[in-house]
Amino acid sequence: MISRRHFFRSVGGLTAAAASTAAYGVSEPVVRLALTRYDLSPRQWPANFPLRIAALADIHACDPWMSLDRIAEIVDRTNALKPDIIVLLGDYVAGLRHVTRFIPASEWAGVLAGLKAPLGIHAVLGNHDYWDDKTVQRQGQGVPVARRALERAGIPVYENDAVRLTKGGRPFWLAGLGDQLAYMPARRYRQIARIGADDLGATLDKVTDDAPVILLAHEPDIARRVPSRVALQLSGHTHGGQVRLLGWSPAVPVKHGMRLAYGHLKLKCDVIVSGGLGCSIMPFRLGVPPEIVQVTLGGKGPLVS
């Protein structure tokens, strides 16, 4: 039998371990900032066409978990990578209530305006950018505050739209999907036909030649429907599950036999799901630190670091 001394020592050890884990999980969102690199060679992307992309997802601006100083640090670290293009994958507004201040859109957008890349900064919205705008939810339509703030800061926002860009005379398409959960809260006010603002068909219809396509989509679930015409899909939303244990994200459900939680997946196109930068619901991360994602296309790939 275990003695009382050994019992209380064991309980004390477990309590200390739990406390230290909790303390680390709360500090990780504001202390750590990782860089995750992917070198990919999708078959739809020309092997002799190098393109370096920096992707930022799920900023969730708020004090103290994602302050303006923290966003400025992310901007500086991203610019230091000297990417050809920077993409923002949605969810700029706070996704949790345990905050000391909700940062106004004009303030976080003003800091993001400091991002620099030769081919520009390009954005899509996320579900929280829609959900936080009560006017848009009550009316079931309209332009969210987050979009207006980004556009005033000189950052174009794509909703079921596409733009043709060139690097060194080589063209490619950047397409941005409307958010797939945009009007979920609107169900409180009226019956709605669908909760998403996304239209994948209309988005890809705007691609008018055979140049390769990169798709920005906040939620990764659309990847099951994305055709092989697309070379790469970049997504966020999941935060990598926010808690990731031995490569497993228990908070991200399995849908249609797949768990689109984090990292690089190959479907009809290559898919990268970022672990994001901020927190949602609770200010806690474990095993999936905030990350800037760098994707290099047309390299030797595949390589993940």
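Predicted model: local features only at pLDDT ≥ 70, side-chain atom pairs only at ≥ 80, totals over all residues.
Mentor: Residues are numbered from 1 along each chain as its sequence is written, and side-chain values use heavy atoms, with hydrogens and water left out.

Trainee: Okay. What makes Arg97 exposed or buried?

Mentor: Exposed means over 50% relative accessible area, buried means under 20%, and partly exposed is in between (1.4 Å probe, protein chains only). Arg97 has a relative accessible area of 61%, so Arg97 is exposed. Arg97 sits in the loop between strand 4 (85-88) and strand 5 (101-102). Helices (H or I, at least four residues) and strands (E, at least two) are DSSP runs, numbered from the N terminus.

Trainee: How far apart are Arg97 and Pro283?

Mentor: In sequence they are 186 residues apart, and in space 9.3 Å, C-alpha to C-alpha.

Trainee: And why is Asp91 called buried?

Mentor: Asp91 has 1% relative accessibility, so Asp91 counts as buried. Asp91 is found in the loop between strand 4 and strand 5, and has a positive phi of about 65° although it is not a glycine.

Trainee: What about Gln242, buried or exposed?

Mentor: Its relative accessible area is 10%, so Gln242 is buried. Gln242 lies in the loop between strand 10 (232-235) and strand 11 (263-266), with a positive phi near 70°.

Trainee: What is the peptide bond from Asp63 to Pro64, cis or trans?

Mentor: That bond is cis, with omega near 0°. Pro64 belongs to the loop between strand 3 (62-63) and helix 2 (68-80).

Trainee: How do you know which strands pair with strand 2?

Mentor: Two strands pair if DSSP finds at least two bridges between them. Strand 2 (residues 51-56) has five bridges to strand 13 (residues 291-297), running antiparallel, and Arg52 stands opposite Thr296 in strand 13. With strand 4 there are four bridges, and that pair runs parallel; here Leu56 stands opposite Leu88. Both counts meet the cut-off, so both pairings hold.

Trainee: How many residues of strand 2 are buried?

Mentor: Five of its six residues are buried, so strand 2 is mostly covered.

Trainee: What makes the buried residues of helix 3 line one face?

Mentor: The buried residues of helix 3 (residues 105-112) are Ala105, Trp108, Ala109, Val111 and Leu112. Seen down the helix axis, they fall within an arc of 160° (the arc of the directions from the axis to the C-beta atoms), so they line one face of helix 3. Their cover includes helix 2, strand 4 and helix 6 (145-152).

Trainee: What makes a set of residues a nonpolar core?

Mentor: The members must be buried Ala, Val, Leu, Ile, Met, Phe, Trp, Tyr and Cys residues joined through side-chain atoms within 4.5 Å. The largest core here has 38 residues, and those touching the most other members are Ile71, Leu88, Tyr92, Trp108, Leu112, Leu115 and Leu150. Helix 3 gives the largest share of this core, five residues.

Trainee: Which residues does Leu112 touch?

Mentor: Contact means heavy atoms within 4.5 Å. Leaving out residues up to four places away in sequence, Leu112 touches Ile59, Ile71, Val75, Leu88, Tyr92, Leu150 and Ile155. There's also a second, separate core of 26 residues, including Trp45, Ala55, Ile85 and Leu119.
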